[in-house]
Amino acid sequence: MKKTLERLWYEYMFEESAAIDTEEQRMLMKQTSELSKKAYELLNDEQQDAVENYVDSLCDLEALLAKKAFIKGCEFAVSFILEAGNFKKTDIGL
């Protein structure tokens, strides 16, 4: 089942959740861009590289944690539905 959830994450949810479609998201993207420009003006090349690597690592970690939370949430939802309906996984072929 994890392969199915991972496929769902990569093929649908990741694309959908990455879309910037609210005014709040657009405002935060603009603010982030402006702050990044100001910060980079204060740094030399070596410092810029270090900060860029740090930010990339944070983004990778955030994406990994979001995927893990999505998969755990789906697993919980299915377990909850099965338990609430008094089903067993074997009743539905799992």
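Contact here means heavy atoms within 4.5 Å. By that rule, and leaving aside neighbours within four places in sequence, Y40 is in contact with Q48, V51 and E52. The model is predicted, so local features need pLDDT of at least 70 and side-chain atom pairs count only at pLDDT 80 or more, while totals for chains, interfaces and linings use all residues. Residues are numbered from 1 along each chain as its sequence is written, and side-chain values use heavy atoms, with hydrogens and water left out.

**Overall fold**

The protein chain has 3 helices and 0 strands, in the order α-α-α along the sequence. Helices (H or I, at least four residues) and strands (E, at least two) are DSSP runs, numbered from the N terminus. Buried residues account for 6% of the 94 residues in the protein chain. Buried means under 20% relative accessible area, exposed over 50%, and partly exposed in between, with a 1.4 Å probe and protein chains only.

**Helix α3**

Helix α3 covers residues 45–84. Its 40 residues reach 57 Å from the first C-alpha to the last, close to the 58 Å expected at 1.5 Å a residue; the expected span is 1.5 Å times one less than the number of residues. At the start of α3, a side-chain oxygen of N44 comes to within 3.0 Å of the backbone nitrogen of E46. Such a polar contact is a pair of N or O atoms within 3.5 Å; within protein, one must be able to donate a hydrogen and the other to accept it, and residues adjacent in sequence count only if both atoms are side-chain atoms. Just after α3, N86 has a positive phi of about 60 degrees.

The buried residues K67, F70, I71 and L82 lie in α3. K67 counts as buried because its relative accessibility is 13%. Not counting residues up to four places away in sequence, K67 touches E6, W9 and Y10.

**Aromatic pairs**

The whole structure holds 2 aromatic pairs. Rings of Phe, Tyr and Trp (its six-membered ring) pair if their centres lie within 6.5 Å; planes under 30 degrees apart count as stacked, over 60 as edge-to-face and the rest as tilted.

| Pair | Centre distance | Plane angle | Class |
|---|---|---|---|
| W9 and F70 | 5.3 Å | 40 degrees | tilted |
| F76 and F80 | 6.0 Å | 25 degrees | stacked |

W9 lies in helix α1 (residues 2–18) and F70 in helix α3, so this pair ties together parts that are 61 residues apart in sequence. Both W9 and F70 are buried. F76 and F80, in contrast, are both exposed. These two lie in helix α3, 4 residues apart, about one turn of the helix. An α-helix has 3.6 residues a turn, so residues three or four places apart point the same way.

K2 is in helix α1 and is partly exposed, with a relative accessible area of 45%. Leaving aside neighbours within four places in sequence, K2 is in contact with K72 and E75. K2 and E75 are 73 residues apart in sequence, and their C-alpha atoms are 8.8 Å apart in space.

**The second largest pocket**

The second largest pocket holds about 170 Å³ of space. On a 1 Å grid over the protein atoms alone, a pocket is an open set of points with protein on both sides within 12 Å along at least five of seven lines, and lining residues have an atom within 4 Å of a point. Grid points are joined across faces, edges and corners, and a volume is the space filled by probe spheres set on the points.

The lining of this pocket consists of T32, S36, Y40, V51, E52, V55 and D56. The elements that give two or more residues to this lining are α2 (23–41) and α3, and α3 gives the most, with 4 residues.

Y40 lies in helix α2 and counts as partly exposed at 24% relative accessibility. The C-alpha atoms of Y40 and V51 are separated by 8.9 Å, with the two residues 11 residues apart along the chain.

Definitions and conventions:
On a 1 Å grid over the protein atoms alone, a cavity is a set of points where a 1.4 Å probe fits but cannot get out, and a pocket is an open set with protein on both sides within 12 Å along at least five of seven lines; lining residues have an atom within 4 Å of a point.
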